[in-house]
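Here are some exercises to work through with the sequence and the model side by side. Try each task yourself before you read its solution.

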Amino acid sequence: MTLPGIEEIRALHEKYAPTQEAFDLVYTHCEIVWHLSAQLLAAAPLEWDGELVRAGALLHDIGVYHLYDADGNLDGGNYIRHGVLGHEILRGEGLPERLGRFCSHHTGVGLTEHDIRSQRLPLPPGDYLAESAEERVVMYADKFHSKSTPPKFLTAPSYARYVARFGTEKVHAFDALRAEFGEPDVTSLAARYGHRVV
Ligand SMILES: [Fe+2]
């Protein structure tokens with residue numbers, strides 16, 4: 001099944017974004033994750049499908065749009081559900097499962113069934129771990145940019161400090177990704193988008 005191109009993907013964002021503000025925040029973040037992924041892959045000794053990385057990165061957060069209420073506020077308590085919600089959106093659009101997986105399998109450094117049960121997360125029990133090189137790089141690249149207010153880029157040490165609160169196994173998972181893909185140059189992208197780096 002063919003993957004959607006940039007214009008089709010942008011149209012999907014416009015279709016599901018409840019406001020222009022939500023579109024700007026989420027689409028810009030997705031575009032940044034695509035640039036970060038491409039940058040990491042350019043330096044990685046791996047075979048990858050560039051079209052799949054582009055579509056996966058550009059669509060990975062589309063489920064976030066379903067978490068805005070009528071007043072334009074994000075439902076923070078259910079934020080973790082944005083991945084499975086995005087997967088459902090893409091399935092409903094008739095897009096292939098290999099694309100939907102970028103939505104449901106990019107949270108943190110991978111969610112396990114144990115995480116879901118022990119933290120009582122509002123998700124169907126199961127493992128949501130990035131598997132292919134394309135899924136792993138998008139999940140990893142996503143850790144270097146945040147849709148906070150205002151949006152910001154993170155360095156690898158900043159994300160490592162943040163993820164430590166979720167346990168040492170998450171720190172190890174992040175370290176393994178860091179060893180596999182290296183660290184992106186967030187400074188030049190931050191300057192291009194006018195976002196800060198923390
Ligand atoms: Fe993201």
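A disulfide is a pair of cysteine sulfur atoms within 2.5 Å. Keep that cut-off in mind for the first exercise. This is a predicted model, in which local features need pLDDT of at least 70 and side-chain atom pairs count only at pLDDT 80 or more, while totals for chains, interfaces and linings use all residues. Residues are numbered from 1 along each chain as its sequence is written, and side-chain values use heavy atoms, with hydrogens and water left out.

**Exercise 1: Cysteines**

Solution: 
- Step 1. Start from C30: the closest cysteine sulfur belongs to C103 and is 8.5 Å away, which is too far for a bond.
- Step 2. Check the surroundings, where buried means under 20% relative accessible area, exposed over 50% and partly exposed in between (1.4 Å probe, protein chains only). C30 has 0% relative accessibility and counts as buried; C103 is also buried, with a relative accessible area of 0%.

**Exercise 2: The iron site**

Task: Find the protein donors of the iron ion and decide what the site counts as, given the angles among its donor atoms.

Solution: 
- Step 1. Donors are N, O and S atoms within 2.8 Å of the metal (3.2 Å for Na, K and Ca); water is not among the atoms, so sites may look incomplete.
- Step 2. The protein donors here are H29 and H60, each through NE2, together with D61 and D142, each through OD, at 2.0 to 2.4 Å from the iron ion.
- Step 3. Along the chain, these donors have the spacing H-x30-H-D-x80-D. H29 sits in helix α2 (residues 20–42) and D61 in the loop between α3 (50–59) and α4 (82–92), so this pair ties together parts that are 32 residues apart in sequence. Helices (H or I, at least four residues) and strands (E, at least two) are DSSP runs, numbered from the N terminus.
- Step 4. Both H29 and D61 are buried.
- Step 5. Four donors count as tetrahedral if all angles lie between 85 and 135 degrees; four count as square planar and six as octahedral if opposite donors are over 155 degrees apart and all others between 65 and 115; anything else is irregular. The angles among the 4 donor atoms run from 81 to 164°, and the site is irregular.

**Exercise 3: Helix pairs**

Task: At what angles do α1 and α3, and α3 and α7, meet?

Solution: 
- Step 1. Axes are lines fitted to C-alpha atoms, for helices over the stretch in contact, and angles run from 0 to 180 degrees between N-to-C directions.
- Step 2. The axes of α1 (residues 6–16) and α3 cross at roughly 15° and come within 10 Å. That makes α1 roughly parallel to α3; angles under 35 degrees count as roughly parallel, over 145 as roughly antiparallel, 65 to 115 as roughly perpendicular and the rest as oblique.
- Step 3. The angle between α3 and α7 is about 40°, with their axes 10 Å apart. That makes α3 oblique to α7.
- Step 4. A crossing is left-handed if the near helix is turned anticlockwise from the far one by less than a right angle, and right-handed if clockwise. α1 passes α3 in a right-handed crossing, and α3 passes α7 in a right-handed crossing.

**Exercise 4: Backbone details in loops**

Task: Which residues does a cis peptide bond join, and what is the phi of R120?

Solution: 
- Step 1. The cis peptide bond is between T149 and P150, with omega at about -10°. P150 belongs to the loop between β1 (145–146) and β2 (152–153).
- Step 2. R120 is not a glycine, yet its phi is positive, about 50°.
- Step 3. R120 lies in the loop between α6 (113–118) and α7 (133–142), and its 77% relative accessibility counts as exposed.

**Exercise 5: Sequence and space**

Solution: 
- Step 1. E21, in helix α2, is exposed at 65% relative accessibility. Its C-alpha atom is 8.7 Å from that of G72, 51 residues away along the chain.
- Step 2. A44, in the loop between α2 and α3, is buried at 11%.
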